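Hi,

Here is the structure I said I would pass on to you. Have a look at it first, then read my notes below.

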Amino acid sequence: MSSILRTALVSAGPACRIGILHSGLNLAPKLGTTFATRALIHTGQPNNNSLTGKRINEESPTGTEGFHLKDSAASKQGLTTPDAVSTLPPTIVRGDWVLFHPVYSQEEIKAVEVLQREAKTISDKIAYHLVRLTRWGFDLVSGYKHKPIPADSKMSVEELRKGGYILDEKAWLSRILFLETVAGVPGMVAAMLRHLTSLRLMRRDSGWIHTLLEEAENERMHLMTFMTLRRPSLFFRGLVLGAQGVFFNLFFLSYIISPRTCHRFVAYLEEEAVLTYTRCIQDIESGRLPEWSNMPAPEIAKDYWRLDPSANLLDVIYAVRSDESTHRFVNHSFANLNTETDVNPFALREPDMLVKGRKLGFSREEAEQYVEESHQMLEHGKADSK
Ligand SMILES: [Fe+2]
Ligand SMILES: [Fe+2]
């Protein structure tokens, strides 16, 4: 079984990837994927953005990472200082150096569901209970409570906040910022360890490193986005420093011992992230978080998710929740594979949010079938290009 998974990716050379551009456009709708969009984005070919109608590689005055020119006076100075980010003349600030842009349709961002996977094996149970413990500890330290609001409640937003039923915008932001500083760690650690294994054993990685790095960067972009809304205090930065020191080392050692348990742990963590952002969306949409209901989206977010120029913070949170749903799906799928011998089924394409938002992950058999479909698309593209 694993041999099919492996040969599918191994035989995919650069020429085949070009073939994908042709076959992807024809086959993507049938296979229910955003594959064509992803392939085009990855290869730097011009393409129309499905939300804004602009070409994705169109020259833009916006940078993709870091503070945007319009975000604050301080960042404006930082970006326009010669040699701060590039050797371009200081009046031209542009660049697109992220690994990918997650672009979602309206249908996709609304498709994400809160899901919980039952812990079946001992390894699953260890991962599940570690996540519960982490969440409990974090809720205790941050004073987070999510008491159900009584059905016949006529309490005002202020009363609900005082009664500990809902969070105010400061508490939401602290919670999100802290979680995102931690969430960016596992992908990078796992990618680094797989990279070192590949070097040390002189064998191919089978496409895992790239997806793991994408996850790490995606989480960091969440942090960069929410950072534009608040300047963290020294105390907060100290907490992040301590948490990173502890979590990095624990995850590093755990990944050496059991990569599969670690992917399951991340997947359960992402289930919590989807739940947290869903509650945040519900609070905004029901008027319980009025400070964020009409707040415009930060420029960095419009640029990264290719949002409409008139997008607001709610659109950004929907996009972030979709990203978290991807992490949930990818990590549950990874935890179902043989981490040493199977190829990464998402190395060439990923299902769209209508799948990733409603399903916990691929079983090993589904992953194998997905790789076979990718293989057929490659063959189809090769035949077309002859
Ligand atoms: Fe995140
Ligand atoms: Fe995530």
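Over the chain, the mean pLDDT is 79, and 74% of the residues reach 70 or more.

As you can tell, this is a predicted model: local features need pLDDT of at least 70 and side-chain atom pairs count only at pLDDT 80 or more, while totals for chains, interfaces and linings use all residues. Residues are numbered from 1 along each chain as its sequence is written, and chains are lettered from A and ligands numbered from 1 in the order in which they are written.

Now the fold. The chain has 17 helices and 0 strands (DSSP runs numbered from the N terminus: H or I of at least four residues for helices, E of at least two for strands). Take the contacts between residues at least 6 apart in sequence: 79% of them join residues at least 24 apart.

How many of the 386 residues count as buried? The share is 38%, where buried means that 20 or more other C-beta atoms lie within 10 Å of the residue's own, again placed from the backbone.

Beyond its neighbours within four places in sequence, A301 touches T225, L307 and V316.

Helix α12 also meets helix α6 (residues 122-142): their axes, lines fitted to C-alpha atoms over the stretch in contact, come within 8 Å and cross at roughly 45°. Angles run from 0 to 180 degrees between N-to-C directions. α6 and α12 are therefore oblique to each other (under 35 degrees is roughly parallel, over 145 roughly antiparallel, 65 to 115 roughly perpendicular, and the rest oblique). F265 and Y268 of α12 take part in this contact, with residues including I126 and L130 of α6.

Finally, helix α9 (residues 185-201) packs against helix α11 (residues 234-257) at about 40°, with axes 10 Å apart, so α9 is oblique to α11.

Cheers

Terms used
Contact = placed C-beta atoms within 7 Å. Buried ≥ 20, exposed ≤ 12 C-beta atoms within 10 Å, placed from the backbone. pLDDT = per-residue confidence, 0-100.
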